[in-house]
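Colleague: I am new to this one. Please take me through the terms as we go.

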Amino acid sequence: MKKIKDLFIKYKEIITYIIFGVLTTIVSWGTYTVLVHLFKGAIPKEDVRVAVANVLSWIAGVAFAYVTNKLWVFESKSWKPSLVIKEVISFVASRGITGVIEIVCVPLLAKTGFDNLFYHLVEKLGLTANILFTDGIYSKISLSVIVVILNYVFSKLFVFKNKKSKEETEAPENNEE
């Protein structure tokens, strides 16, 4: 049991990133699936429906991810306005880069028939879950793997990079005042 605890402590950041990444993915995919089905009557053109649902699900995922990454993954506990503004701007900018990749590539892959490869496989396996037959879902899943890796790298290197050194240097100043 101690070994497991030691491993968790050693890899806490990566483990919590994966946990909250899964939850962020659920928020994004859930929002995407609901919106694709909700827009089916309102937006008859599939590629437009997929694109609109994808953008809105990306926004929901980024908002959820910022809060969870700030508080639990990278443990940036400071709510100093200048730090929060810097974090939000760099977080949204880095997610914007990966968001553009996802927003452009999901409809593009879906339009090229990428998903058809998976629809046939899913049918042969006898799976019938409605989400598995949602327009563009396999394109979204494939791109999500790439996006998750890039998001971690960007968050680690650019957004929450100096968390400990900033907090340590700010602490003495706060005590002196």
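Modeller: Helices α5 and α6 are roughly perpendicular to each other. This is a predicted model, where local features need pLDDT of at least 70, side-chain atom pairs count only at pLDDT 80 or more, and totals for chains, interfaces and linings use all residues. Residues are numbered from 1 along each chain as its sequence is written, and side-chain values use heavy atoms, with hydrogens and water left out.

Colleague: Why are α5 and α6 called roughly perpendicular?

Modeller: Helix α5 (residues 114-125) packs on helix α6 (residues 137-159) at about 105 degrees, with the axes 8 Å apart. Angles of 65 to 115 degrees count as roughly perpendicular, so the term applies to α5 and α6.

Colleague: Which residues of α5 and α6 meet?

Modeller: From α5, Phe114, Asp115, Phe118, Tyr119 and Val122. From α6, Ile137, Tyr138, Ser139 and Ser142. By class, that contact has 6 nonpolar, 2 polar and 1 charged residues.

Colleague: What makes Ser28 buried?

Modeller: Its relative accessible area is 10%. Buried means under 20% (1.4 Å probe, protein chains only), so Ser28 qualifies. Ser28 sits in helix α2 (residues 12-38). Leaving aside neighbours within four places in sequence, Ser28 is in contact (heavy atoms within 4.5 Å) with Ser57, Trp58 and Lys140.

Definitions and conventions: Axes fitted to C-alpha atoms, helices over the stretch in contact; angles between N-to-C directions. Helix = DSSP H or I, 4+ residues; strand = E, 2+ residues; numbered from the N terminus. Parallel < 35°, antiparallel > 145°, perpendicular 65-115°, else oblique. Nonpolar A, V, L, I, M, F, W, Y, C, P; charged D, E, K, R; others polar. Buried < 20%, exposed > 50% of the residue type's maximum accessible area, 1.4 Å probe, protein only.
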